[in-house]
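Here is a short note for a colleague who has not seen this structure before.

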Amino acid sequence: MDIQQRMRDILKAESDALQNIPVSDQYERAVELIVEHVKRRGGKLVTSGMGKCGQIAMNIATTFSSTGIPAVWLHPSEAQHGDLGVLQPDDVMLLLSNSGKTSEIVALVDLAHNLYPGIPMIVITGNESSPLASLADVTLSTGGAPEVCPLGLTPTTSTTMMTVIGDVLVVTVMEATGFSRQDYARRHHGGYLGSAARGEVKIQGK
């Protein structure tokens with residue numbers, strides 16, 4: 001196997017997939033929901049996903065929290081055993097499922113709506129015709145590009161696209177709320193980023 005050539009092939013496939021993520025007004029709606037529910041109403045963002053999608057959802061939650069949007073990650077299975085209690089009426093949910101059919105996530109929507117019927121749902125999925133997408137207030141499509149895994153099974157391309165969509169949401173919400181370096185410094189005290197936010201060291205790459 002020519003590893004270097006495979007690397008080029010994989011990089012091109014994932015780059016092409018990113019370039020083909022559908023851009024739509026659903027992003028404006030997602031930003032509006034997050035700003036309205038978290039910044040104006042005092043709620044929080046609750047993210048969830050199962051397996052690899054869950055890991056991406058957790059990363060999105062921690063990134064939002066560091067940029068002025070209180071966010072938590074909710075394990076979809078643990079939600080059925082009491083953790084659903086983290087939800088409050090003014091929250092907004094961000095749910096990740098590549099297939100849009102993940103049973104634990106679909107069940108979580110029903111559980112959340114039973115608790116708070118009006119809680120809005122933002123969904124990131126590779127299947128706009130899925131059961132989960134049909135339950136969403138906002139659907140952000142990855143475009144459904146095939147995985148670069150040779151079996152076509154392991155979450156690879158799909159998780160890359162979900163991560164980037166999460167970055168888009170974080171950055172556009174930061175811009176919509178006017179989040180500043182001073183705001184960042186008050187939330188991130190330690191390490192290199194804390195020092196950079198306070199202007200004590202130069203930001204790498206700039």
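**Notes on the model**

1. The side chain of Thr177 comes to 2.9 Å from the backbone oxygen of Val173, a polar contact (a pair of N or O atoms within 3.5 Å; within protein, one must be able to donate a hydrogen and the other to accept it, and residues adjacent in sequence count only if both atoms are side-chain atoms).

2. This is a predicted model, where local features need pLDDT of at least 70, side-chain atom pairs count only at pLDDT 80 or more, and totals for chains, interfaces and linings use all residues. Residues are numbered from 1 along each chain as its sequence is written, and side-chain values use heavy atoms, with hydrogens and water left out.

3. Thr177 belongs to helix 6; helices are DSSP runs (H or I, at least four residues), as are strands (E, at least two), numbered from the N terminus. Because its relative accessibility is 26%, Thr177 counts as partly exposed (buried is under 20% relative accessible area, exposed over 50%, partly exposed in between, with a 1.4 Å probe and protein chains only).

4. Leaving aside residues up to four places away in sequence, Thr177 touches Val35 and Lys39, contact being heavy atoms within 4.5 Å. Lys39 is 138 residues from Thr177 along the chain, yet their C-alpha atoms are 8.0 Å apart.

5. Five strands make an open sheet with parallel pairing, in the order 2-1-3-4-5; two strands pair if DSSP finds at least two bridges between them.

6. Strand 1 (residues 45-49) pairs with strand 3 (residues 92-96) over five bridges, in the parallel sense. Val46 stands opposite Met93 of strand 3.
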